[in-house]
Amino acid sequence: MRTSPVWNPEQYGTYADERGRPYADLVGRVRAADVRTVVDLGCGPGGLTVTLREVWPEATIVGVDNSPQMLEAAEQFADDRLRFELGDVREWKAEPGSLDVIVTNATLQWIPEQVGLLPGFVQALKPGGWLAIQIPGNGNAPSHAILRELANTEPYAEFAKDASLRPDVPGPAEYVDVLSAEGCVVDAWETTYFHVLAGDNAVLEWVKGTGARPVLQSLPDDLRQQFEAEYGARLAEAYPQKEYGTLLPFRRIFAVAQKKG
């Protein structure tokens with residue numbers, strides 16, 4: 001992305017339970033013991049970061065995010081063991097060998113050069129330290145395909161074409177290759193969650209909090225309303241609401257790596 005969207009913590013929090021499940025699955029595969037230092041890169045509004053206090057009760061935890069709006073929401077969770085800092089993941093650095101665990105959840109998919117950041121993450125870990133990554137792998141899903149197609153049509157293309165671009169993301173095998181070359185033992189996998197969402201036009205409400213946000217913000221007010229109405233109508237066809245709710249298949253990619261001692 002060329003510019004960062006302004007994030008809305010309240011909108012992002014829609015379907016918080018469904019968004020939180022991959023985070024719990026990711027952290028659950030980290031087998032770290034005697035953890036004292038943890039960093040959560042791309043911590044968002046902090047509701048997931050705060051759960052790390054229960055996983056590693058003796059650790060000092062730092063959440064890093066580039067959104068002032070998200071960090072303002074996160075401050076409600078701060079205490080003497082958990083703090084939040086404004087920072088860009090692309091520029092983040094830590095003292096080599098200083099951290100026990102780095103978590104980065106649903107963040108690196110926004111960064112075209114993410115693979116180039118991984119060696120620096122590993123360098124920041126202590127011997128035996130852990131790196132845990134989760135990214136969405138649903139770039140070809142109807143929700144995204146419709147978004148790109150519509151953003152590239154007039155009258156929207158003048159404003160939204162570039163905002164609809166997304167970098168390609170690594171698959172599990174690429175994470176294994178890159179992190180193994182950095183001296184890690186790697187466990188990588190992918191999962192498709194089948195979320196059952198409540199509410200009207202639920203997939204529209206979901207993507208307004210994340211993937212569609214840069215496109216919507218790129219548009220003037222009058223076109224934004226028009227775009228959202230057209231996009232929402234097409235999403236309602238692609239993801240029909242049923243008696244039990246709306247089914248959203250969502251592929252996610254995981255990699256958990258332990259730095260060799």
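This is a predicted model: local features need pLDDT of at least 70, side-chain atom pairs count only at pLDDT 80 or more; totals for chains, interfaces and linings use all residues.
With that, let's begin at Asn201. You'll find Asn201 in the loop between S6 and helix H9, which spans 202–208. Asn201 isn't a glycine, yet its phi is positive, at about 45°. Is Asn201 buried, exposed or partly exposed? At 25% relative accessibility, Asn201 counts as partly exposed.

Ala106 sits in the loop between S4 and H5. For context, most residues other than glycine have a negative phi, and most peptide bonds are trans. On the peptide side, we have a cis bond joining Glu154 and Pro155, with omega about 10°. Pro155 is in the loop between helix H6 (142–151) and helix H7 (157–160).

Now, helix H5, residues 114–124. Which residues of H5 are buried? Those are Gln114, Leu117, Leu118, Phe121, Val122 and Ala124. Look down the axis of H5 and its buried residues fall within an arc of 145°, so they line one face of the helix. Among the elements covering those buried residues are strand S1 (37–41), strand S5 (125–136), helix H8 (172–181) and S8.

That brings me to Lys259, in strand S8, residues 245–259. Lys259 is buried yet has no salt bridge. Where's the nearest side chain of opposite charge? That would be Glu182, 8.4 Å away. What Lys259 does have is the backbone oxygen of Val122, 3.1 Å from a polar atom of the lysine side chain. Leaving aside neighbours within four places in sequence, the contacts of Lys259 include Val122, Gln123, Gly128, Gly129 and Cys184.

Speaking of Cys184: at 3% relative accessibility, that cysteine counts as buried. Cys43 is buried too, with a relative accessible area of 7%. How many disulfides does the model have? The count comes to zero.

Last stop, Gly87, in the loop between strand S3 (82–86) and S4. Gly87 and Gly63 are 24 residues apart along the chain, and their C-alpha atoms are separated by 9.4 Å. Setting aside neighbours within four places in sequence, Gly87 is in contact with Val64, Asp65 and Asn66.

That's it from me, thanks.

Conventions. Residues are numbered from 1 along each chain as its sequence is written. Side-chain values use heavy atoms; hydrogens and water are left out. Helices (H or I, at least four residues) and strands (E, at least two) are DSSP runs, numbered from the N terminus. Buried means under 20% relative accessible area, exposed over 50%, partly exposed in between (1.4 Å probe, protein chains only). Lys and Arg count as positive and Asp and Glu as negative; His and the chain ends are not counted. A salt bridge is a side-chain nitrogen of Lys or Arg within 4 Å of a carboxyl oxygen of Asp or Glu. A polar contact is a pair of N or O atoms within 3.5 Å; within protein, one must be able to donate a hydrogen and the other to accept it, and residues adjacent in sequence count only if both atoms are side-chain atoms. Contact means heavy atoms within 4.5 Å. The arc is that of the directions from the helix axis to the C-beta atoms. A disulfide is a pair of cysteine sulfur atoms within 2.5 Å.
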